[in-house]
Amino acid sequence: LGKEVRTIPANDIVRVDYIGIPGIKDKLTAAILEEANDQKKALDKYSEMSKQFATASPKAKRYLEYRETVQLAKIAGAKEKKEEFEAESARAAAALENFARTYPTSWEFWPASREAARLYMELGQFDKAAGILSRLAQNKDLGKDLQYEAKLAEAATIFRTGNKTGAELVVEELSKDAGFPKTGPIANKLNALKLVLAVKKPAEGQKPDTKPVTDAIDKMSDPAARGFAYGLLGDLYVQHGLPRDAMWSYLWVVKVYPQDRDERVLAAARLAALFDSMGEKEKADLIREDLLKARTGG
């Protein structure tokens with residue numbers, strides 16, 4: 001900015017467009033198609049440009065490849081039918097993951113990795129998602145704040161695989177890190193995950209004691225932290241075979257605290273599946289409308 005150099009965190013960057021770089025002179029056409037939500041034609045245009053100008057410049061190559069992966073993810077997110085969504089999501093997640101591996105020092109490394117992890121989670125492939133988040137957390141170019149956020153997301157994802165011990169190890173590592181924030185939303189999220197992991201298996205016929213978790217949620221002021229905690233609580237109830245309790249927790253995320261898109265999408269997907277399993281098709285269909293909006297930014 002003039003003579004001043006400033007570092008902008010990767011999660012604050014929405015988009016970067018280049019001017020005067022060989023290989024992206026037709027980007028306006030593709031961008032117009034994107035704005036019109038014609039993702040298939042936008043994808044075709046970016047693919048055409050990528051093949052035509054692949055060797056034009058490193059920036060052009062990376063830019064075009066990233067725009068391609070973005071379109072793939074948008075196409076997947078707009079699919080209403082389960083089979084179509086799963087097929088397109090698997091394609092998009094693999095492309096995003098490959099992009100992130102290829103360009104680990106780019107600003108796009110963060111959004112590509114997070115989107116790939118989210119898609120894998122919605123596909124039920126939590127191990128793959130955890131692996132991506134682990135690589136994200138190890139990238140020192142991101143800065144400590146984003147590394148911590150990625151590490152916390154990794155711990156939550158490991159918990160969602162049912163691997164409580166693995167999640168506890170990551171939580172312990174974060175808790176011992178002197179630089180990890182002691183207050184604020186991320187500190188609240190870590191505390192919520194600790195409390196969820198501390199819930200003991202109840203006696204036969206009893207429900208788990210989750211009061212420490214709900215008490216902590218009540219004290220949180222950040223909506224996204226509350227959504228994160230309610231999502232974990234829903235996962236805990238599912239693991240204990242309590243679909244009705246899980247339903248209420250996921251509803252808090254979807255309807256009241258939807259600020260974190262990843263948590264909103266995951267909660268809506270799991271809630272729709274719960275309603276299906278309980279034979280409540282109309283409710284499942286309504287939640288799928290919310291799910292489609294969450295995926296597409298509505």
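# Notebook: cavity, pockets and ring pairs

**Entry 1. Aspartate 245.** I began with aspartate 245 and found its place in helix 12. I am working from a predicted model. Is aspartate 245 buried or exposed? Its relative accessible area is 18%, and the cut-off for buried is under 20%, so aspartate 245 is buried. I then looked for a partner. The side chain of aspartate 245 meets that of lysine 207 in a polar contact of 3.1 Å.

**Entry 2. The cavity.** How many cavities of 30 Å³ or more does the structure hold? I found one. The volume of the largest cavity is about 200 Å³. Its lining has 16 residues, and Arg114, Ala153, Phe228, Asp260 and Glu263 are the closest to the centre.

I sorted the lining by element. Helix 5 (109-122), helix 7 (144-160) and helix 13 (261-277) each give at least two residues to it. Which helix has the largest share? Helix 7 does, with six residues. The lining of the largest cavity has eight charged residues, seven nonpolar and one polar.

Phe228 came up again when I checked charges over rings. The charged end of lysine 189 sits over the ring of phenylalanine 228. The distance to the ring centre is 5.5 Å.

**Entry 3. The largest pocket.** I turned to open space. The largest pocket holds about 1100 Å³. I noted 33 lining residues, with Tyr66, Lys74, Pro111, Glu115 and Arg261 nearest the centre. Which elements give two or more residues to this lining? They are helix 1 (27-35), helix 3 (58-77), helix 5, helix 13 and helix 14 (281-296). Helix 3 has the largest share, eight residues. By class I wrote down 13 charged, 13 nonpolar and seven polar residues for the largest pocket.

**Entry 4. The second largest pocket.** I put its volume at about 500 Å³. The second largest pocket is lined by 23 residues, and Lys82, Ala269, Arg288, Leu291 and Arg295 are the closest to its centre. Helix 4 (82-102), helix 5, helix 13 and helix 14 each give two or more residues to this lining. The classes are twelve charged, ten nonpolar and one polar.

I followed Arg295 from this list. The charged end of arginine 295 sits over the ring of phenylalanine 85. Its distance from the ring centre is 3.6 Å.

**Entry 5. Ring pairs.** I moved on to aromatic side chains. The structure holds eight aromatic pairs. I took phenylalanine 99 and tyrosine 103 as one case. Their ring centres are 4.8 Å apart, and the planes stand at 45 degrees, so the pair is tilted. Are the two residues buried or exposed? Phenylalanine 99 is buried at 2% relative accessible area. Tyrosine 103 counts as buried too, at 14% relative accessibility.

My next case was tyrosine 230 with tyrosine 257. The ring centres lie 6.2 Å apart. The planes are at 10 degrees, so I logged the pair as stacked. Where do the two residues lie? Tyrosine 230 is in helix 11 (residues 223-239), and tyrosine 257 is in the loop between helix 12 (243-256) and helix 13. The pair therefore ties together parts that are 27 residues apart in sequence. I checked burial here also. Tyrosine 230 is buried at 9% relative accessibility. Tyrosine 257 is buried, with a relative accessible area of 14%.

I then traced linked pairs. Which residues do ring pairs link into a cluster? The cluster holds Tyr66, Phe99, Tyr103 and Trp107.

**Entry 6. Asparagine 37.** Phi of asparagine 37 is near 60 degrees. That is a positive value in a residue other than glycine. Where does asparagine 37 lie? I placed it in the loop between helix 1 and helix 2 (39-52). Is asparagine 37 buried or exposed? The cut-off for exposed is over 50%, and asparagine 37 has 61% relative accessibility, so it counts as exposed.

Technical notes. Residues are numbered from 1 along each chain as its sequence is written. This is a predicted model: local features need pLDDT of at least 70, side-chain atom pairs count only at pLDDT 80 or more; totals for chains, interfaces and linings use all residues. Side-chain values use heavy atoms; hydrogens and water are left out. On a 1 Å grid over the protein atoms alone, a cavity is a set of points where a 1.4 Å probe fits but cannot get out, and a pocket is an open set with protein on both sides within 12 Å along at least five of seven lines; lining residues have an atom within 4 Å of a point. Grid points are joined across faces, edges and corners, and a volume is the space filled by probe spheres set on the points. Helices (H or I, at least four residues) and strands (E, at least two) are DSSP runs, numbered from the N terminus. Ala, Val, Leu, Ile, Met, Phe, Trp, Tyr, Cys and Pro count as nonpolar, Asp, Glu, Lys and Arg as charged, and the others, Gly among them, as polar. Rings of Phe, Tyr and Trp (its six-membered ring) pair if their centres lie within 6.5 Å; planes under 30 degrees apart count as stacked, over 60 as edge-to-face and the rest as tilted. Buried means under 20% relative accessible area, exposed over 50%, partly exposed in between (1.4 Å probe, protein chains only). A charge sits over a ring if NZ of Lys or CZ of Arg is within 6 Å of the ring centre and within 35 degrees of the ring normal. A polar contact is a pair of N or O atoms within 3.5 Å; within protein, one must be able to donate a hydrogen and the other to accept it, and residues adjacent in sequence count only if both atoms are side-chain atoms.
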